[in-house]
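Please look at the sequence and the model below.

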Amino acid sequence: MTEQFKMDAPATARRLDNMAQGLVGAPLDRPEGPLKVTGTATYANEWQVEGMVHGVMVRAPGNSGRVVLANRDAVAKMPGVLCVIQDDRLLRNPAQGTANKAPIQGPHHATYFGQLIAVVVAEGFEQARHAAQSLKVQLENGEVMPVDPDTAAVEPQKGKALDQGDLDGAMKEAAFTVDVTYTTPSHSSSPMEPHASIASWDGDDLTLRGSYQMLKYNRNELSDALGIHPDRLRILSPYVGGGFGSKLGITPEAVAAAIAAKEVGRPVSVALQRPQVYEATMRRSETTQRVRLAADAEGRLMGLGHDARVSNLPGETFAEPVLQASHFLYSGANRKMSMELARVHRLCAGSVRAPGEAVGVTVFEGAMDELADKIGMDPVELRRRNIPEKDPESGKEFSSRRFREALDSGAETFGWAERPGVKERREGEWLIGYGMASAARINVLMESKARVTLTPEGGARVETDMTDIGTGTYSIRPIAGTCWVCRAMPWMCAGRYHLPPASGSGGSWGASSSGTSVYLACEAIRRQLAERLEVDENDLTLKDGMATFDNQTRPLSEILNGDEIAKLGHVVPGDTSEAVRQATFGAYFAEVAVHAASGETRVRRMHGTFAAGRILNPKTARSQCLGGMTFGIGIALTEELSFDPRDGHVANHNLAEYHIPVNADVPQLTVNLLEERDDWANPLQAKGIGELGICGAAAAITNAIYNATGVRVRDYPATLDKVI
Ligand code: MOS
């Protein structure tokens, strides 16, 4: 009953292009959208579970030492308080999956400021909060720990160094060179919905209502943290109010709710307070990046170098993958790259909105703009000249790549030809500039399963634990349209672990991976129906509960005659990366106005052209790109986590002080998606689009600031003090 498919050779579902239904590729609304905008979708912390009590978490007031709850007994006697729990299972915050557990350095031992080390449970939420605030938390035998990456000891990240040809020689011989160092600050995912969990036990079985991105993995992480078998727990996560990486892994409130619910014998709700989201989930590492470019007289790259330093906790395995796109974006025979890790006692480093490329491509594209300026060449032309024929390091072909077209058509759409010279255009007190940057992101396929059932009535039910974190996954349901149209809300049963495990939402792989599993199940059903009808499957069209074949149209309910057909689609990634280089590409163009006196930058307009294989739903794909470019504006101008240099605590731990762009900061953005098919990605020929709109976007803005003012900001974000 399982249709398993291993993706290790080119595969096409050309059928999708010729389907009468034409639903794949149609601009469909989100089925759950009305529930979300009317406030009727139930988010994790909104469930009313009978007998539920409340837990509030308590943080470590430093980054080292044994945690002592000095007045624990007195707090335990406060009104409504049921218990005060200090349990080392709380310290195991995987944040980025089980592979990335922050190490526990000893019993009750704090590792970073803000780490959630205890939970106070009370009948009422206010009672729990009051008691948690009354708890006197002390650290014993703490040491002075490194918190500043600039002064901490560094170590090379193993396996990340590349030295091909002779970059130093190329730098000496080149007609034009750039050797610059940029810095980017730490970022916070900052989802609107704080992390929240309600745990309820039924004997030894745990149900967790939470807000998570990858339920199969989350279940294993929670099982690991609690020390119980994964079969004993399920996670319900039908609505997620944004994750942006911070909900890829189980966070401490889930572990706390589960432990507390067991302890008090009642369901327990634990929601992180906004500052706790900033202090104790995870962060994007700050980066220091040196880029070297060596070009000949015609602007062809003879070599390039990219060396980055990022930080994480001692023993932590995740490191911001800054170099990811530098390996394949541009040609140049002589290449040198390296990564260094500074071990600091700050909260976990993890995936935040396009980990790697969001800051790696951004910095590289700033350096490319500097090179274009030195040569006196149009920045678009510089990129065009350096598009490698094949992967410049491995020699593999690109599976699909409409990069040149994205540059050209984006420039055309934006009106790039009108670009002023540096400091050339002024409107009153505003200096006007244009800037551009390339976009690039790796493409990934993940294992995913979905069960599709053709019901006796001729409808379809899709069962999978796939999550929708606001990206529009649930609107990709008409992939079922490859087999038939299902107008019901089959995805409403998504997001619950006991369903077939999907890829989850992360790394831009969600729609294409989970969509492929649905497609495989649908095709298996089509084949079975064709057999039953004794027709060629290619001549069988299924739509709106009807089957059309041999010039006749009959209701599926009649053909099924009381039966149902269920198939499990299962896609498994193969070794396609051995054969080809797979990535997505695009280009950004921005116009800014910089105030001549204050240095305030306003983005006036911004355009992105992207190519990411087949676009499954142009409406939600476009929205993802708009969101990505909006985050690009944040990276360029406002976003920065500030750490106290004494103890590494997050100083701006709320949305008032951590500046994400708001409506007033975002002008009309335009997006153009180029038609593309990628036979190596999956049978749908779709690549990931979710994060592509972030990967370099900020550079288009800072390059425009340079064009407007002649000021090159190499220290993100480009706040006004740095511009004037
Ligand atoms: Mo994403 S930052 O992989 O959720």
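Of the 20 residues of α14, 16 are buried, so this helix is largely enclosed by the rest of the structure. Buried here means that 20 or more other C-beta atoms lie within 10 Å of the residue's own, exposed means 12 or fewer, and partly exposed is in between, with C-beta atoms placed from the backbone. The model is a predicted one, in which local features need pLDDT of at least 70 and side-chain atom pairs count only at pLDDT 80 or more, while totals for chains, interfaces and linings use all residues. Residues are numbered from 1 along each chain as its sequence is written.

Helices (H or I, at least four residues) and strands (E, at least two) are DSSP runs, numbered from the N terminus.

On a wider scale, the domain assignment, which is automatic or from a database, gives domain 1 (2-30 + 446-573) and domain 2 (354-444 + 578-723). Their C-alpha centres lie 35 Å apart. The contact takes 27 residues from domain 1 and 25 residues from domain 2, where contact means C-beta atoms, placed from the backbone, within 7 Å. On the domain 1 side, helix α12 (residues 510-533) gives the largest share, six residues.

Some backbone positions deserve a look. R353, in the loop between β17 (334-343) and α9 (357-375), has a positive phi of about 35 degrees although it is not a glycine. R353 is buried, with 27 other C-beta atoms within 10 Å. N551 also has a positive phi without being a glycine, near 60 degrees, and is found in the loop between β24 (546-549) and β25 (552-555). N551 is exposed, with 6 other C-beta atoms within 10 Å. Finally, a cis peptide bond joins Y716 and P717, with omega about -5 degrees; P717 is in the loop between α15 (697-709) and α16 (720-723).

Note on methods: Contact = placed C-beta atoms within 7 Å.
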